[in-house]
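Here's a quick walk through one model, with a look at its surface, its pockets and its charged pairs. Have the structure open as you read.

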Amino acid sequence: IVVAGGVGCIEPRKPPIENIEKYEDHGVDYFVKDPDHYAGKDLVIAGGGDSALDWTIYLAEKAKSLSMIHRRTEFRGALDSVEKVQELAKAGKINLITESQVIGLKGDQKLESVIVKHDKKGELQIDTDYFIPLFGLTPKLGPIADWGLNIENQAIAVNTLDYSTSVPGIYAIGDINTYPGKLKLILCGFHEATLMCQSAFKYIYPDKKLSYNYMETN
């Protein structure tokens, strides 16, 4: 078995808000799948990177109202996007609230409002139909973490002799493995795959001799 799973399963970074799972698919969205779905709705977007900035700019024209929450006054996104968001705020098309973060969610069957804590002004409540936290993505091993392999820093530890794992017959190559001096490069992945194949052949056919064949091209 060869595990070549990249960095693993990509999941959204969720804000540490109590009971946020209750509102997932009921007002809390981590991705914008269909922008038209938010047309005429009250929105709250949280984040300070390119995704939060870009979707704020795009959805400002579609939403009934849009509030953007960011915990700092500086943004991590492109300068052009930052300037566009600030222009939208000055024009009154969005409500830009910096030095703040969403700390609570309210609603019975679906999301009805968010609680925002401002560093200087205290707490305020914003009525909304949707809360879209855009804090980037994080890799997770998913079910692979339960295979009984030696895991270090969300990656599979391997022997650099042949990129075998702690379980005989299972190898790991590419970004999903880890070892001292690991470089996450495509070139390194090819190198790991080559050594792994030799070891796997010997594991499957211990009595056979591995011979190399070369192709000539004109």
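Is V7 buried, exposed or partly exposed? This is a predicted model, and in it V7 comes out as partly exposed, at a relative accessible area of 32%. You'll find V7 in the loop between β1 (2-3) and β2 (9-12).

V7 also belongs to a nonpolar patch on the surface, together with I10, F31 and L137. The four share about 340 Å² of accessible area.

The largest pocket has a volume of about 340 Å³. It is lined by 18 residues, and the ones closest to its centre are P15, P16, R71, Q101 and F135. Strand β6 (residues 100-106) gives the most to this lining, with four residues. By type, the lining of the largest pocket splits into nine nonpolar, five polar and four charged residues.

Next comes the second largest pocket, with about 290 Å³ of space. Of its 15 lining residues, D25, V28, D29, Y30 and K33 are the closest to the centre. Its lining has six nonpolar, three polar and six charged residues.

## Salt bridges

Side chains of opposite charge can pair when their charged atoms come close. A search of the whole structure turns up six salt bridges. One of them joins K14 and E24, whose closest N and O atoms are 3.0 Å apart. Both K14 and E24 lie in the loop between β2 and β3, so this pair ties together parts that are ten residues apart in sequence. K14 itself counts as partly exposed, at 43% relative accessibility.

D36 and K62 make another salt bridge, at 2.7 Å from N to O. Here the link is between distant parts of the chain: D36 is in the loop between β2 and β3, while K62, 26 residues apart from it, is in the loop between α1 (50-59) and β4 (65-69). K62 is partly exposed, with a relative accessible area of 25%.

Then there's K84 with D80, a salt bridge at 3.3 Å, N to O. Both sit in helix α2 (residues 79-90), four residues apart, or about one turn of the helix. K84 is partly exposed at 38% relative accessible area, and D80 is partly exposed at 45%.

## A buried tyrosine

Back in the loop between β2 and β3 (42-46), look for Y38. Y38 is buried, with a relative accessible area of 2%. Its C-alpha atom is separated by 25 Å from that of T138, which is 100 residues apart from Y38 along the chain.

Notes. Residues numbered from 1 in each chain as written. Predicted model: local features only at pLDDT ≥ 70, side-chain atom pairs only at ≥ 80, totals over all residues. Heavy atoms only, no water. 1 Å grid on protein atoms, 1.4 Å probe; cavity = no way out; pocket = protein on both sides within 12 Å on 5 of 7 lines; lining within 4 Å. Points joined across faces, edges and corners; volume = space filled by probe spheres on them. Helix = DSSP H or I, 4+ residues; strand = E, 2+ residues; numbered from the N terminus. Nonpolar A, V, L, I, M, F, W, Y, C, P; charged D, E, K, R; others polar. Patch = residues over 30% accessible without salt bridge, like charges linked within 9 Å, V, L, I, M, F, W, Y side chains within 5 Å. Areas by Shrake-Rupley, 256 points an atom, 1.4 Å probe, with all protein chains shown as cover. Salt bridge = Lys/Arg side-chain N within 4 Å of Asp/Glu carboxyl O. Buried < 20%, exposed > 50% of the residue type's maximum accessible area, 1.4 Å probe, protein only.
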